[in-house]
Amino acid sequence: MTCVCSVGLDMIAIPGDTPSTTIAGMIADEMAIGMINKKTTAVRIIPVPNKTVGDHVIYGGLLGEAPIMKVNGLSSANFVNRGGRIPAPIHSLNN
């Protein structure tokens, strides 16, 4: 999932039991890609309760549907639980 489109990880449905540390690691990974590429990116990950990999979720209307995607099983807990603060990048100084 780190091969991002022009805006980042957009509207990806994942299993509802995905640990919050894994989601935080995905967000941090996307932030790093944005910094390296010097562009603004975003993350819209949707944990879907009671769904597992391979299931589909139907949002209805214009929102459509999505398959539940597999998330890497490796833990990001050590990195996320270190604490600390990641400051927002300042892109305005590049112009």
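**View 1. Ile27 has its place in helix 1.** Helices here are DSSP runs of H or I with at least four residues, strands are runs of E with at least two, and both are numbered from the N terminus. The model you are looking at is predicted, so local features need pLDDT of at least 70 and side-chain atom pairs count only at pLDDT 80 or more, while totals for chains, interfaces and linings use all residues. Residues are numbered from 1 along each chain as its sequence is written, and side-chain values use heavy atoms, with hydrogens and water left out. Ile27 counts as partly exposed because its relative accessibility is 34%; buried means under 20% relative accessible area, exposed means over 50%, and partly exposed is in between (1.4 Å probe, protein chains only).

**View 2. A nonpolar surface patch includes Ile27.** Patch members have over 30% relative accessible area and no salt bridge; nonpolar side chains (Val, Leu, Ile, Met, Phe, Trp, Tyr) are joined within 5 Å, and like charges within 9 Å.

**View 3. Thr21 is another residue of helix 1, which covers residues 20-37.** Thr21 counts as buried because its relative accessibility is 16%. Which residues does Thr21 touch, leaving aside its neighbours within four places in sequence? They are Ser76, Ala77, Val80 and Asn81, where contact means heavy atoms within 4.5 Å. Follow Ala77 along the sequence and you find it 56 residues from Thr21, yet in space their C-alpha atoms are 5.3 Å apart.

**View 4. Arg44 and Asp10 form a salt bridge.** Side chains of opposite charge can pair when their charged atoms come close. In this pair, the closest N and O atoms are 2.7 Å apart; the rule asks for a side-chain nitrogen of Lys or Arg within 4 Å of a carboxyl oxygen of Asp or Glu. Distant parts of the chain are linked here: Arg44 sits in strand 2 (residues 42-48) and Asp10 in strand 1 (residues 8-15), 34 residues apart. Arg44 is partly exposed at 45% relative accessibility, and Asp10 is partly exposed at 35%.

**View 5. Stepping back, the chain has two helices and four strands.** Read from the N terminus, their order is β-α-β-β-β-α. Of the 95 residues, 24% are buried.

Technical notes. Accessible areas come from the Shrake-Rupley method with a 1.4 Å probe; for residues, only the protein chains shown count as cover.
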